[in-house]
Amino acid sequence: MPERSSAFAGVTIVSNRLPVTAAVRGGRLRLQRSAGGLATGLGGVHEQSSGAWLGWPGDLSAMSEAHRAELHDTLATNRLVPIDLTRQEVERYYEGFSNGVIWPLFHYLVERTPLDASTWSTYVAVNRRFAEAARPAARRGDLVWVQDYQLMLVPAMLREMEPEATIGFFLHIPFPSFDVFRLLPWRLAVLEGLLGADLVGFHTSSYARHFLTSLRHLLDVEVADSDALYHGRRVRTGAFPMGIDTARFETLAASPEVQRRVDVISADLGTRQLLVGVDRLDYTKGIPRRLLAFERFLAKHPKRRETVRFIQVAVPSRDGVAEYGKFKRTVNELVGRINGTTSTMTNVPVHYLHRQVSEQELVALYAAASVMVVTPLRDGMNLVAKEFVASRLDEDGVLILSEFAGAADELGDALIVNPYDIDGVADAIEQALTMGADERRTRMQSLRRRVRARTVHDWARRFVESLHAARERGRQSHVLDGPAVTALVEELAEAPRLVLLLDYDGTLVPIEATPDLATPDPSLGDLLRALAASPRLSLHIVSGRGRDVLETWFGGTGLTLWAEHGLWRWGPDTKTWRANIEHPRGWKPDIAELLHAAAERTAGAVVEDKGDSLAWHYRLSDPLQADTEVHRLRREVAEQHPDGDLETILGSKVLEVRPHGVHKGLAVTAVVHEWPGARLVAIGDDRTDEDMFAALPPDGVAVCVGNRPSAARLRLASHRDVRGLLEALARRLTGQPAPATRDGEPSSGPNPH
Ligand code: ADQ
């Protein structure tokens, strides 16, 4: 039994299939439990939860109304919610798109994807049905845990319906490397679909890494500590290697029933050694190459024809998908050919069972095998390998395992092989058959420790606990909506003196492709002038920009200007620039050379000279290439200035090199000194604005714009919302209607215009 855990209390599961399949036999409704690892693992979660489990209950098209009603009632008593799919939907969403397109592509078998996939629209429509069905659970505050590649759009669809929902997603198959994933015509929709979740889980850390790489390349999503920062939300990713119900396999292996079967198999084998393969009949599992490797092994060791037997069990699978029909014939022919050439008068080397076998038969085979051959071409995890290990109470038997199965990350004591290397696998078979008893035991003991340490119940618990944690962390900063903006404006208007410190790019105007495109629109000038007219308010622009451009844009608006991150200050009264601190000079030419060299290597990158600092902008560059250059530049600058008189600061798609000790916090410190007792508000979108936030007095208000991780407790989604807030504040302070914001850019703040 799984451990009881309150973490599972309100979990609703959404999976393509329900854990039971409905059918009518002999005029009576029958429900058959699914036996797979997924059903077992999630079954424990469902038992301990008050939540529902949503999924397809199998083909109901031929079922009478009365049987359907009975089915709904029976399922409802178990909190199972059937999603009824028409035959055409199953053909297009499940067989056509999920199994026809996503399955081969995500397993790197590009040539198996159909030439023309017109099934996408049904995939979208069916995903929407699942999302709608999950909506009530999300609204009641359940954790919604969506499973696998058939439902990759559900997280975003559900998020759109219920923005506050807590949504987890687990992918049971590999997430392919970027160069394979990018082949998918619907790659953006799939990534955006997954990003609706709070937590996206994979079997291995390399799948998680591939996902993040695709996000960086295709959506330019910022990644911090394996979290993706997207649309004001933090999407966690992580590796959650799935295990099996170890105790159950151990109990089965020890049962008299299984022992009897082992005896029967052993008696029939006599002195022969047994190799076993167990798979769904799927082209990802590597069965043809495994058979060829076995054939090669027999060719290399002809005497083995008499002394080994290879039992390959293949459960029929996905017969509705065209590729699988062809594949079935290929395997049949291969088995026939190999047996035709290698059988002797007393032995037929390959026994091929194309059918489902009972759990007892399965465990008996695991227990009787000398060698278990698990050689998928790609496999998300592969539970068969773990089931074999769990069934070996005698601590004997050798596991040959493909390096392309997720399980290889954990089961390093298996004989790890490359399934494409036929000779290598043939040699591994010989090595396994001749391995000494001590080595077999040592390896198996280590494998057993690993399999027992991470059961399927641990997997579920770890995932759900991480989802809880992701939700808690996601709640740390508060995104201001219309009413919250109004409340904030009221609160600020009460202050006898108010100081606003505003970043410029990304805060007052949108981020543009290059800095010179981000000029202020006339309405911004009007808005700032209206604010600056209030005698109770002191208005500052604190920017990384150079002096000239800030003065040209804002010199006539009555604002205080802070250029180059607080290094220079310009006052509306003095109308001159004054350096805020002493700083080194003469360093620029050498550093400029470095930055220009990096810009030449990186398409889209440009260098900006700001006067006393230099900036390397890379918004138009490939994000990953730019990352590498940024890394290199930081190292080169540090090498040229080992005394630390220069600093390299990462902003939003810009690396700044500037004198040490210059940061936007200097502006805040100066203002606090000059306006004791004033209420301070700092608003910014960029990493460099964190220095302002950190320097604020305790009653200061820090507002982060966008989705970057920030110490600010309040957030606004974009510069439009900042404008909305400022307009509302101008109205409140002056009693006059504030100038409306730019045409075509409606403010989401409480602006009635
Ligand atoms: P599958 O591709 O189905 O799962 P796998 O993990 O090996 O692959 O699970 C197969 C299950 O079917 C095992 O529990 C096994 O016992 C059972 N089975 C196989 N052959 C059988 C037979 N002939 N008779 C009876 N039972 C049989 C997908 C991914 C995997 C991932 C799992 C779980 O493709 O990589 O490990 O999901 O996430």
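Trainee: Why does Arg 337 count as partly exposed?

Mentor: The relative accessibility of Arg 337 is 40%. A residue is buried under 20% and exposed over 50%, with partly exposed in between. The value for Arg 337, 40%, falls in between, so Arg 337 counts as partly exposed. Please keep in mind that this is a predicted model.

Trainee: What makes the pair of Arg 337 and Glu 295 a salt bridge?

Mentor: The side chains of Arg 337 and Glu 295 meet with N and O 2.8 Å apart. The cut-off is 4 Å between a side-chain nitrogen of Lys or Arg and a carboxyl oxygen of Asp or Glu. The 2.8 Å between Arg 337 and Glu 295 is within that cut-off, and therefore the pair is a salt bridge.

Trainee: Is Glu 295 buried or exposed, and how do you know?

Mentor: Glu 295 has a relative accessible area of 17%. Since the limit for buried is under 20%, Glu 295 is buried.

Trainee: What makes Arg 309 and Asp 268 a salt bridge?

Mentor: The closest N and O atoms of Arg 309 and Asp 268 are 2.9 Å apart, and 2.9 Å is within the 4 Å cut-off, so the pair qualifies. Arg 309 sits in strand 13 (residues 308-315) and Asp 268 in helix 10 (residues 256-269), and so the bridge joins parts that are 41 residues apart in sequence.

Trainee: How do the two residues, Arg 309 and Asp 268, count in terms of accessibility?

Mentor: Arg 309, at 8% relative accessibility, counts as buried. Asp 268, at 49%, counts as partly exposed, because exposed requires over 50%.

Trainee: Why is the pair of Glu 222 and Arg 687 called a salt bridge?

Mentor: Their closest N and O atoms are 3.6 Å apart, which is within 4 Å, so the pair meets the criterion. This bridge links distant parts of the chain: Glu 222 is in strand 9 (residues 222-224), whereas Arg 687 is in the loop between strand 28 (679-684) and helix 25 (690-695), 465 residues apart. Glu 222 is partly exposed at 27% relative accessible area, and Arg 687 is partly exposed at 36%.

Trainee: How many salt bridges does the structure hold, and which residues are linked in a network of them?

Mentor: The structure holds 53 salt bridges. Glu 257, Arg 260, Arg 261, Arg 355 and Glu 361 are linked in a network.

Trainee: How do you know on which side of helix 9 the buried residues lie?

Mentor: The buried residues of helix 9 (residues 246-254) are Thr 246, Phe 249, Glu 250, Leu 252 and Ala 253. They cover an arc of only 165° around the axis, and therefore they are on the same side of helix 9. These buried residues pack against helix 10, helix 14 (359-368), helix 15 (383-391) and helix 17 (437-453).

Trainee: Where does the largest nonpolar core lie, and how do you know?

Mentor: The largest nonpolar core has 98 residues, and those with the most contacts inside it are Met 152 and Phe 175. Its largest share, 9 residues, comes from helix 3 (residues 87-106). Domain 1 (11-239) and domain 2 (246-453) both give residues to this core, so it lies between them. Apart from this core lies another, of 69 residues, including Val 20, Leu 29, Leu 252 and Tyr 366.

Trainee: What does Phe 175 contact, leaving aside its neighbours within four places in sequence?

Mentor: Among its contacts are Phe 106, Tyr 108, Leu 191, Phe 202 and Phe 211.

Trainee: Why is Pro 155 described as buried?

Mentor: The relative accessible area of Pro 155 is 0%. This value is under 20%, so Pro 155 is buried. Pro 155 is placed in helix 5 (residues 154-161). Not counting residues up to four places away in sequence, Pro 155 touches Ile 167, Phe 169, Gly 193, Leu 194, Gly 196 and Ala 197.

Trainee: What share of the protein counts as buried?

Mentor: Of its 753 residues, 57% count as buried. The protein has 26 helices and 30 strands.

Note on methods
Residues numbered from 1 in each chain as written. Predicted model: local features only at pLDDT ≥ 70, side-chain atom pairs only at ≥ 80, totals over all residues. Heavy atoms only, no water. Helix = DSSP H or I, 4+ residues; strand = E, 2+ residues; numbered from the N terminus. Buried < 20%, exposed > 50% of the residue type's maximum accessible area, 1.4 Å probe, protein only. Arc of directions from axis to C-beta. Contact = heavy atoms within 4.5 Å. Core = buried A, V, L, I, M, F, W, Y, C linked by side-chain atoms within 4.5 Å. Domains from an automatic or database assignment.
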